[in-house]
Amino acid sequence: MSEIATTTTALVPDVHTVRIESTNHDGSFHGKNIAPKKFATTAEFGVADLLFGLDLGNAPTMGFAYPSWRGHLADLQFRPDMSTSVQWEPGVQSVIGDYWQADGTPVGICPRNLARTLVDRLATRGFTATIAVEIEATLFQESVHEARAKGYRDLTPLGGSAGTAMNLAKSKDWVDYMSAVVRRLEQIGIEWEAWSDEDAAGQVELNLVPGDPISVCDNWARARQVMREVAFERGHTVTFMAKPTAGYGQASHVNLSLQRDGVNAFYAPDGPSATMRHAVAGLLATMRGATSVMLPQITSFRRLVDLSGPPTTVTWGIANKTTAVRAVVGHPVYSRLEYRVPGADANLYLAVATILAGVIAGIDGDLEPADPVSDMAWCAPDLERLPETITKAADALDADLILREQLGDEFVDYWVGTRRWEWMQFHTGGGDPFSELSEWESARYFEFP
């Protein structure tokens, strides 16, 4: 893995605070506020390993072997990547970075480091990747304080209760909110392509400009923070929970293309190229194990309902949105794969790392996929289904030798341990597996990740 070059000199004028930023394994946005004088004289910042050792209920995860960097609250070293430096607001500069051990080795579960490992590995095969992400979120009229007081239940969708997608007849408060979001994104240099009403009441989809995987993941993390801050400022609240109500869930589809020598390697005039077929085959071969990363929480799996939008089967198809992988073919520029499994609660860095792991395995092995599904992939008894619970998905990842090789035993073992811990917390802390959405889930997931 290539190390991040750090510098301690690129502070914007009149800055009074430097905010260092990262995501933990669950996708929560974390960091510290650093005095400029301190930041200007330090290349690394110590952060307790509990950043990756606490669950979303703020309890230490236990019951499985800790890796070398876990222990008695040992410090991990945050290294800022100054290429990510932006002025977040007047006087506040923000910088994204990565986590390293004291001996200079990367923390195996640091999401940004892991994603970069796979990007670098892809580069040794002669490929670069371009990705795009669809951010789905649900907006509510109440403030976050009001939402907390109501236990995140029975909230009022911002913009009205009507469903259907791309509805322009929304109330002005909904439009004003999204207009403020994209203005903030532009101010910090994040380019967007589109936003629109989504299927559920109060739901929005925001599309960021495609780019290299690490930059897009950085923009994803910051865009969600912007959406939270704008909601707070306007007295509303927003959630990226996979299914915040008993209605539709929300996703985080990832679009991927590969380039070699500046040419789209997924394009062929007569359909999927050989490289695209190999990539698809690798994604299908690893999909059951990958589901644990794509659907990380208890509520993630409540989305997997036939005919409701999310894929439920280990399938691919050409221009078929009922499958888990949709291939867009026949265009020299836009030929791509859409990986439709991730929920809105997935950590995009980890999702991208896992997707690239499958792609690399498929290319390395010259794997060939089964025939594409041309019919509806929902409700089909002859098609293999995705794991439908957090523990079944964790078991599938635990047993996946391809993903172990690509992502590393340290990541897989730790991730699987945290998912089994999450299952235990749900079943011992008041979760109800038979409800459409339990109060335990709302309290745990509505604000985080």
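Helix 5 gives the most to the lining of the second largest pocket, with four residues; helices (H or I, at least four residues) and strands (E, at least two) are DSSP runs, numbered from the N terminus. A pocket here is an open set of points on a 1 Å grid over the protein atoms alone, where a 1.4 Å probe fits, with protein on both sides within 12 Å along at least five of seven lines, and its lining residues have an atom within 4 Å of a point. Among the 30 residues that line the second largest pocket, Phe29, Gln225, Arg228, Glu447 and Phe448 are the closest to its centre.

The model is predicted: local features need pLDDT of at least 70 and side-chain atom pairs pLDDT 80 or more, while totals for chains, interfaces and linings use all residues. Residues are numbered from 1 along each chain as its sequence is written, and side-chain values use heavy atoms, leaving out hydrogens and water.

Turn next to the largest pocket, where 40 residues form the lining and Glu134, Glu205, Asn207, Asn255 and Glu338 lie nearest the centre. Strand 7 gives the most to this lining, with six residues.

Now look at Asn113, in helix 2 (residues 111-124). Its relative accessible area is 1%, so Asn113 is buried (under 20%, with a 1.4 Å probe, protein chains only). The Asn113 side chain reaches the backbone oxygen of Tyr99 at 2.9 Å.

Finally, Asp26 sits in the loop between strand 1 (17-23) and strand 2 (29-34). Asp26 is buried too, at 3% relative accessible area.

Notes: Buried means under 20% relative accessible area, exposed over 50%, partly exposed in between (1.4 Å probe, protein chains only). A polar contact is a pair of N or O atoms within 3.5 Å; within protein, one must be able to donate a hydrogen and the other to accept it, and residues adjacent in sequence count only if both atoms are side-chain atoms.
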